[in-house]
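Subject: Structure handover

Hello,

Here is the structure for you to look at. My notes on it follow below.

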Amino acid sequence: MGKVFVTRQTPGRAIEMLHAAGHEVDVWHEPTPPPPVVLAAKLAASDAALTMVVDAITPEMLDGAPNLRVLANMAVGYDNLNPAEAIRRGIAVTNTPGVLAETTADMAWALLMAGARNVVASERDTRAGGWTTWSPTAFLGQDVFGATLGIIGLGEIGEAMARRARGFDMRILYTSRTRKPEAESRLGLEFVSLDDLLRQSDFVSLHTPLSPETRYLIAARELSLMKPTALLVNTARGGVVDQDALIAALRAGSIGGAALDVTDPEPLPLDNPLYSFPNVVITPHIASASLATRSKMAEMAAANIIAVLAGRPAINPVA
Ligand code: NAP
Ligand code: GLV
């Protein structure tokens, strides 16, 4: 049986499942991730690792881990795992598609609503004693109902966003690597170019993976195309947006605001200018964070490890 390193405590039955399959399980119990040197040493002593989005796996770590057979990320994104390098070394890389789309879209929707209606700014002001009267002009936001949503990356989460937008009677634009005629007719979507989406949308929501093709997909030029009232919602990855360009656009007032569950880096240092804008909402990468969904994600990662260590194919290989 194998040695499995689990880089954080996980909800659900994942650890029980690994034990029940006869594996020796080493769980990192600290509240912060194992530092790189510790992660390298743990991988060197393991046959499998159940990893989190914050665990950055380097080629050097992989070279130092001759017995490693599978990296099972407790996430649908896997940009942290250096997947090409791992797969080249014969190490399976797995993720958790299918179980988190609705939960993540709920959070993207919450961010969209929060940004549109000044939920966070007004709540902070209320706690600070700013609620001295009812005001006809304070915290005027934007209507979500009937507005135009632009979805960038029409995968599982992008589609879940589109379903929510239908309930708000929105015009729904999308752009993606491939056109999806079936989803267009089922969900009433319009396929447009990235530039047209940015020009026309009141809300732009990002749902691509982070890859060499999508790094800085939204940079200064793209931000300059957005409406001055438009809100950028990012629950994808911080690296999909050029954050310096975003800060410049917010300073210039050339976009209406941003609602970010992901940043670059994470955690976002407290002296980052993004914190200074009242029209920016920032949450700590929690879009999939419901107990039920995080439990399913951990269990799915464990199931992938059990399969690979038993000599079966990975259940959710990324390539
Ligand atoms: P998915 O089902 O694989 O969908 C991703 C979509 O992005 C696909 O439709 C893909 O197009 C499209 N895409 C890929 N490269 C593109 C490009 N260069 N330009 C335009 N579109 C591109 O993934 P998902 O489950 O929706 O998740 C999306 C991402 O959300 C994950 O990779 C992860 O980084 C992030 N995420 C974050 C959280 C969080 O906690 N904040 C939670 C879950 C996921 P094709 O269909 O043509 O391949
Ligand atoms: C979370 O960020 C995920 O990719 O699942």
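L50 counts as buried because its relative accessibility is 0%, where buried means under 20%. Please keep in mind throughout that this is a predicted model. L50 sits in strand β3, which covers residues 48-51. Leaving aside residues up to four places away in sequence, L50 touches F5, V6, T7, L18, A72, M74, A298, A301, A302 and I305. V27 is 23 residues from L50 along the chain, and the C-alpha atoms of the two are 9.3 Å apart.

Residues up to four places away in sequence aside, T293 is in contact with V99, L100, T103 and S288.

Ligand 2

L100 turns up again here. The residues around ligand 2 are V53, A75, V76, G77, L100, R237 and H285. By class, four of the shell residues are nonpolar, two are polar and one is charged.

Which parts of V76, G77 and R237 face oxygen atoms of ligand 2? For V76, a polar backbone atom is 2.8 Å from an oxygen atom of the ligand. For G77, a backbone N or O atom lies 2.8 Å from a ligand oxygen. R237 instead uses its side chain, with a polar atom there 2.8 Å from an oxygen atom of ligand 2. On its own ligand 2 exposes 190 Å², and the protein buries 87% of that area.

Ligand 1

There are 26 residues around ligand 1, and those that come nearest are E156, R177, T178, K180 and T235. The shell divides into eight nonpolar, twelve polar and six charged residues.

The polar contacts noted for ligand 1 involve both backbone and side chain:

- G155: a polar backbone atom is 3.1 Å from an oxygen atom of ligand 1.
- I157: a polar backbone atom is 2.9 Å from an oxygen atom of ligand 1.
- S176: an N or O atom of the side chain is 3.4 Å from an oxygen atom of ligand 1.

Strands β6 and β7

Strand β6 takes in residues 148-152 and runs parallel to β7, with five bridges joining the two. One of the bridge partners is T175 in β7, which pairs with I152. Strand β7 covers residues 171-175 and is mostly covered, with four of its five residues buried.

Helix α11

Just after the helix, G253 has a positive phi of about 70°.

Helix α11 itself runs over residues 243-252, and Q243, A245, L246, I247, A249 and L250 are buried in it. An α-helix has 3.6 residues a turn, so residues three or four places apart point the same way. The buried residues of α11 pack against α10 (220-225) and the strands β10 (231-234), β11 (257-260) and β12 (280-282).

Regards

Conventions. Residues are numbered from 1 along each chain as its sequence is written. Chains are lettered from A and ligands numbered from 1 in the order in which they are written. This is a predicted model: local features need pLDDT of at least 70, side-chain atom pairs count only at pLDDT 80 or more; totals for chains, interfaces and linings use all residues. Side-chain values use heavy atoms; hydrogens and water are left out. A residue is near a molecule or strand if one of its heavy atoms lies within 4 Å of it. A polar contact is a pair of N or O atoms within 3.5 Å; within protein, one must be able to donate a hydrogen and the other to accept it, and residues adjacent in sequence count only if both atoms are side-chain atoms. Ala, Val, Leu, Ile, Met, Phe, Trp, Tyr, Cys and Pro count as nonpolar, Asp, Glu, Lys and Arg as charged, and the others, Gly among them, as polar. Contact means heavy atoms within 4.5 Å. Accessible areas come from the Shrake-Rupley method with a 1.4 Å probe; for residues, only the protein chains shown count as cover. Buried means under 20% relative accessible area, exposed over 50%, partly exposed in between (1.4 Å probe, protein chains only). Two strands pair if DSSP finds at least two bridges between them.
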